[in-house]
Amino acid sequence: MLKLAVLISGGGSNLKALLDATADPEFPSEIVCVGSDTDAPGLAYATAAGIPTFVIRPSDYDSREEWGQLLAAAIQEHGVGTGPNPGLVVSAGLMRILPAGFVRWFSPHLINTHPALLPAFPGAHAVRDALAAGATETGVTVHVIDEGVDTGPVLRQVAVPVRPGDTEDELHERIKREERPLLVATVRNIATGELDLAAVRS
Ligand code: GRF
């Protein structure tokens with residue numbers, strides 16, 4: 001059983017998809033904790049499912065590295081990132097760049113979902129940037145997190161067409177409809193060993 005620590009900042013619809021999938025006893029993975037950098041509304045999904053949550057705010061620490069150390073410790077308390085079965089940290093809408101020390105500890109057992117076809121449109125405004133660039137296609141990428149911003153090895157991608165007149169919200173919602181099942185499928189593939197993260201290390 002692959003242990004998951006999920007990190008979020010917002011509404012948590014990707015977290016909800018993972019919670020729904022892992023509620024099935026046949027699913028080869030379980031969520032052991034959900035963390036956030038803020039009082040994310042999506043934490044309520046974890047609480048409702050009886051899964052421990054924690055909030056660790058960067059503003060409470062002198063440096064991003066220090067914040068990362070506390071975040072790592074909170075995750076390790078739940079058995080992720082330690083021992084022979086380190087599990088997996090899933091950044092599912094965490095709107096923070098994880099500091100280098102955190103990445104070095106967990107990677108490659110550390111993945112992110114990003115609403116664009118990387119390497120196109122990295123960063124926090126991927127959907128807006130795709131629209132501004134006049135892209136006719138964008139999508140979603142699940143990738144291993146490395147020390148760069150959205151630069152780690154790509155695991156899975158799905159394309160989503162941009163429709164004429166799309167607003168940022170409309171396009172993002174359409175991307176998220178593809179993103180949720182892609183994230184669940186990627187976690188399943190990692191849990192079963194079909195996807196070997198050690199082999200995709202950059
Ligand atoms: C997702 O599209 C994720 O890729 C992006 O923020 C969104 C989070 O959505 N970074 P939700 O909170 O899971 O609904």
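# Reading a ligand site and its surroundings

Mentor: Start with the ligand. There are 13 residues around the ligand, and Gly12, Ser13, Asn14, His172 and Glu179 come nearest. Keep in mind that this is a predicted model.

Trainee: How do I read the contacts? Which residue has a side-chain N or O atom 2.4 Å from an oxygen atom of the ligand?

Mentor: A polar contact is a pair of N or O atoms within 3.5 Å. Here the side chain of Glu179 supplies the N or O atom, 2.4 Å from a ligand oxygen. The backbone takes part as well. An N or O atom of the Gly12 backbone lies 2.8 Å from an oxygen atom of the ligand. For a backbone N or O atom of Gly11, the distance to a ligand oxygen is 3.4 Å.

Trainee: How much of the ligand's accessible area does the protein cover?

Mentor: On its own, the ligand has 370 Å² of accessible area, and the protein covers 90% of that.

Trainee: Where does the ligand sit?

Mentor: In the largest pocket.

Trainee: Which elements give two or more residues to the shell around the ligand?

Mentor: Find these on the structure: α1 (13–22), β5 (110–114) and α6 (168–192). Helix α6 gives the largest share of the shell, three residues.

Trainee: How do the shell residues divide into nonpolar, polar and charged?

Mentor: Two are nonpolar, nine are polar and two are charged.

Trainee: Now the backbone. What should I expect of phi and of peptide bonds?

Mentor: Most residues other than glycine have a negative phi, and most peptide bonds are trans. Look for the exceptions.

Trainee: Which peptide bond is cis, with omega of about 15 degrees?

Mentor: The bond that joins Ser107 and Pro108 is cis. Ser107 is in the loop between α4 (100–106) and β5. Pro108 lies in that loop, between α4 and β5. There is also a cis bond from Leu118 to Pro119, where omega is near 15 degrees. Pro119 belongs to the loop between β5 and α5 (126–132).

Trainee: Back to Ser107. Is Ser107 buried or exposed?

Mentor: Compare its value with the cut-off. Ser107 has a relative accessible area of 14%. Buried means under 20%, so Ser107 is buried. Its side chain has a partner too. A polar atom of the Ser107 side chain lies 2.8 Å from the backbone oxygen of Ile145.

Trainee: Which residue other than glycine has a positive phi near 55 degrees?

Mentor: Phe121. Find Phe121 in the loop between β5 and α5. Its relative accessible area is 22%, so Phe121 is partly exposed. Asp150 is another case. Its phi is positive, about 60 degrees, although Asp150 is not a glycine. Asp150 is in the loop between β6 (137–144) and β7 (154–161). At 15% relative accessible area, Asp150 is buried.

Trainee: And what does an exposed residue look like in numbers? Is Ala124 buried or exposed?

Mentor: Exposed means over 50% relative accessible area. Ala124 reaches 54%, so Ala124 is exposed. Look for Ala124 in the loop between β5 and α5.

Trainee: How do I compare distance along the chain with distance in space? What separates the C-alpha atoms of Ala124 and Arg96?

Mentor: Read two numbers for each pair. Ala124 and Arg96 are 28 residues apart along the chain, and their C-alpha atoms are separated by 8.6 Å. Now take Ala5 and Glu30. They are 25 residues apart in sequence, and 8.9 Å apart in space, C-alpha to C-alpha. Ala5 sits in strand β1 (residues 2–8). Its relative accessible area is 0%, so Ala5 is buried.

Definitions and conventions
Residues are numbered from 1 along each chain as its sequence is written. This is a predicted model: local features need pLDDT of at least 70, side-chain atom pairs count only at pLDDT 80 or more; totals for chains, interfaces and linings use all residues. Side-chain values use heavy atoms; hydrogens and water are left out. A residue is near a molecule or strand if one of its heavy atoms lies within 4 Å of it. A polar contact is a pair of N or O atoms within 3.5 Å; within protein, one must be able to donate a hydrogen and the other to accept it, and residues adjacent in sequence count only if both atoms are side-chain atoms. Accessible areas come from the Shrake-Rupley method with a 1.4 Å probe; for residues, only the protein chains shown count as cover. On a 1 Å grid over the protein atoms alone, a cavity is a set of points where a 1.4 Å probe fits but cannot get out, and a pocket is an open set with protein on both sides within 12 Å along at least five of seven lines; lining residues have an atom within 4 Å of a point. A molecule sits in a cavity or pocket if more than half of its atoms lie within 2 Å of its grid points. Helices (H or I, at least four residues) and strands (E, at least two) are DSSP runs, numbered from the N terminus. Ala, Val, Leu, Ile, Met, Phe, Trp, Tyr, Cys and Pro count as nonpolar, Asp, Glu, Lys and Arg as charged, and the others, Gly among them, as polar. Buried means under 20% relative accessible area, exposed over 50%, partly exposed in between (1.4 Å probe, protein chains only).
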